[in-house]
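Please read the points below alongside the sequence and the coordinates.

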Amino acid sequence: EALLSQMHFTNPGLLGGRGDFQERYAEPISIGERGAAARLRDRIRPFVLRRLKRDVAPELPPRTEAVLHVELDEGERAIYDAVRAATRRDLVALLDGGGGVLAALEALLRLRQACCHTGLLPGRQAATSSKVERLLGVLEEVAADGHKALVFSQWTSLLDLVEPHLERAGIAFTRLDGSTRDRAGVVGQFQSDDGPPVMLLSLKAGGTGLNLTAADHVFLMDPWWNPAVEDQAADRTHRIGQDKPVMVYRLVAEDTVEERILALQLRKRALADAALGGADRAASLTREDLLALLR
């Protein structure tokens, strides 16, 4: 969809209409038809220039990604299972009624929030969460070793819940989100040698346009559907000027929708590689994919 929109803007008619694009390219690629992705790459090659970071900035230190698995406690598991049952019912009804994918993804919001902190759910309060406790334990080690870290979440309300724990642990921090007025001042404070070891950022406000090379650890509190958005967030520190190896951690609640989102991210990466790279097999997001998120 994104590729079709871009090509339609830059070269109308190159890939035909939406229906033609689905029939000639999207559907064959989704089922792994041999040669389908190659046909699409050949068609767009004169208009697409792809350069990977490792090609244009080979001097950058390595970037390593890892998953920090989080086990929900008994109370969190009970709440998650209750939300899952309700969400599955609503999601099936939405899809059966002809609802679109974006609306269906929005229906999964509460389930994803339950993975992070039950206090994010309407009408519920909680002093902490398993995921926040796991984050705090790692941040204490990072700060004690003299490193700096970025902590991203798509929800500012989750950052609000993290702040008191940092204060109690004596870990200095700064924050940047959509309400931040002096962005340059906040960035300068963090980048300085005597600045705080932690910066809290909203994924939307802090995911692009910032140079935060003082940090060499990145924590993604909640997985997002589009892996490119997470990559852009990690690139705030893994960019020209960085002289230390960078660690990127994804905090993922075990046996939840978050594990399935990671699998979905891999499929979306495969789709992008099929169109722009050398892979010849990928998959698009389907009704079955959405239902599989709740299994």
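1. Basis. This is a predicted model, in which local features need pLDDT of at least 70 and side-chain atom pairs count only at pLDDT 80 or more, while totals for chains, interfaces and linings use all residues. Residues are numbered from 1 along each chain as its sequence is written, and side-chain values use heavy atoms, with hydrogens and water left out.

2. Nonpolar core. The largest nonpolar core contains 24 residues. Such a core is a set of buried Ala, Val, Leu, Ile, Met, Phe, Trp, Tyr and Cys residues joined through side-chain atoms within 4.5 Å; buried means under 20% relative accessible area, exposed over 50%, and partly exposed in between (1.4 Å probe, protein chains only). Leu 135, Leu 139, Val 151, Leu 166, Phe 219 and Met 221 have the most contacts inside this core. At least two core residues come from each of helix H7 (109-116), helix H8 (130-144), strand S2 (149-153), helix H9 (156-169), strand S4 (198-202) and strand S6 (246-253). H8 gives the most, with 6 residues. Helices (H or I, at least four residues) and strands (E, at least two) are DSSP runs, numbered from the N terminus.

3. The structure holds 13 salt bridges, each defined as a side-chain nitrogen of Lys or Arg within 4 Å of a carboxyl oxygen of Asp or Glu. In one of them, Lys 131 pairs with Glu 258, with 2.7 Å between the closest N and O atoms. This pair links helix H8, which holds Lys 131, to helix H13 (residues 257-276), which holds Glu 258, across 127 residues. Both Lys 131 and Glu 258 are buried.

4. A second such pair. Asp 160 and Arg 175 also form a salt bridge, the closest N and O atoms being 2.7 Å apart. Asp 160 sits in helix H9 and Arg 175 in strand S3 (residues 173-176), 15 residues apart. Which of the two counts as buried, and at what relative accessible area? Arg 175 is buried, at 16%, whereas Asp 160 is partly exposed, at 42%.

5. Lys 244 and Asp 243 meet in a salt bridge at 3.5 Å, N to O. Lys 244 is partly exposed because its relative accessibility is 28%; Asp 243, at 60%, counts as exposed. Elsewhere, salt bridges that share partners join Arg 63, Glu 65, Glu 230, Asp 231, Asp 235 and Arg 250 into one network.

6. Negative patch. Glu 71, Asp 73, Glu 74, Glu 254 and Glu 259 form a negative surface patch. Patch residues have over 30% relative accessible area and no salt bridge, with like charges joined within 9 Å. Glu 71 lies in the loop between strand S1 (63-70) and helix H5 (74-96), and is exposed, at 60% relative accessible area.

7. Asp 255, in the loop between S6 and H13, has phi near 55 degrees, a positive value in a residue other than glycine. Asp 255 is partly exposed, at 44% relative accessible area. Gly 207 is in the loop between helix H11 (203-206) and strand S5 (217-220), and counts as buried at 5% relative accessibility.

How values were computed. Patch = residues over 30% accessible without salt bridge, like charges linked within 9 Å, V, L, I, M, F, W, Y side chains within 5 Å. Areas by Shrake-Rupley, 256 points an atom, 1.4 Å probe, with all protein chains shown as cover. Lys, Arg positive; Asp, Glu negative; His and termini not counted. Charge placed at Lys NZ, Arg CZ, Asp CG, Glu CD.
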